[in-house]
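Good morning, colleagues. Please turn to the sequence and the model on the screen, and I shall take you through a few of its local features.

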Amino acid sequence: MPKEVTGCSMTTSVGTYTFDPVSKQLRWDIGKIQPLKVPTMRGSCTLPAGAQCKDAHPTIHVDFKIMQLAVSGLKVNRLDMFNENYKPFKGVKYITKAGNFQVRT
């Protein structure tokens, strides 16, 4: 969040959110994603009286992980390992991660 933000008022369809006014971080904990309920968040951020946000298009860093899901649809059916003295775990652990997004209004 821009340093001018003093608070946030959000509404979420699933999960809970917290805003830390010192670090200017908004954390949204969705928990387990339900297949029939799309996670959405709406709301507004407040500025002190008379203050203006310097950046009209702020960059928001979105950091999330979804364990056991590959959104690309990539599946691993078989993995062959040679010259290893141990037996590897039978299975594949998928993870989905995110990065930086530009807010455009």
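Let me begin with a definition: strands here are DSSP runs of E of at least two residues, numbered from the N terminus. The model before you is a predicted one.

With that convention, the protein has zero helices and eight strands. Along the sequence, the pattern reads β-β-β-β-β-β-β-β. The chain comprises 105 residues, of which 10% count as buried. As for contacts between residues at least 6 apart in sequence, 64% of them join residues at least 24 apart.

I would now like to direct your attention to lysine 24. Where is lysine 24 placed? It belongs to the loop between β2, residues 16–20, and β3, residues 25–29. Its phi is positive, at about 60 degrees, although lysine 24 is not a glycine.

Is lysine 24 buried or exposed? The cut-off for buried is a relative accessible area under 20%. Lysine 24 has a relative accessible area of 17%, and it is therefore classed as buried.

What, then, surrounds this lysine? Leaving aside residues up to four places away in sequence, lysine 24 touches Met1, Pro2, Lys3, Val5 and Phe19. Buried though it is, lysine 24 has no salt bridge. The nearest side chain of opposite charge belongs to aspartate 20, and it is 8.3 Å away. A salt bridge would require a side-chain nitrogen of Lys or Arg within 4 Å of a carboxyl oxygen of Asp or Glu. What the side chain of lysine 24 does have is a polar atom lying 2.7 Å from the backbone oxygen of valine 5.

Asparagine 83 is located in the loop between β6, residues 65–67, and β7, residues 95–97. Exposed means over 50% relative accessible area. Asparagine 83 counts as exposed because its relative accessibility is 78%.

I close with the aromatic rings. How many aromatic pairs does the structure hold? The number is zero. The ring of tyrosine 94 does, however, have the charged end of lysine 75 sitting over it, 5.8 Å from the ring centre.

Terms used:
Residues numbered from 1 in each chain as written. Predicted model: local features only at pLDDT ≥ 70, side-chain atom pairs only at ≥ 80, totals over all residues. Heavy atoms only, no water. Helix = DSSP H or I, 4+ residues; strand = E, 2+ residues; numbered from the N terminus. Buried < 20%, exposed > 50% of the residue type's maximum accessible area, 1.4 Å probe, protein only. Lys, Arg positive; Asp, Glu negative; His and termini not counted. Polar contact = N/O pair within 3.5 Å; in protein donor to acceptor, adjacent residues only side chain to side chain. Contact = heavy atoms within 4.5 Å. Phe/Tyr/Trp six-rings, centres within 6.5 Å; stacked < 30°, edge-to-face > 60°. Lys NZ or Arg CZ within 6 Å of the ring centre and 35° of its normal.
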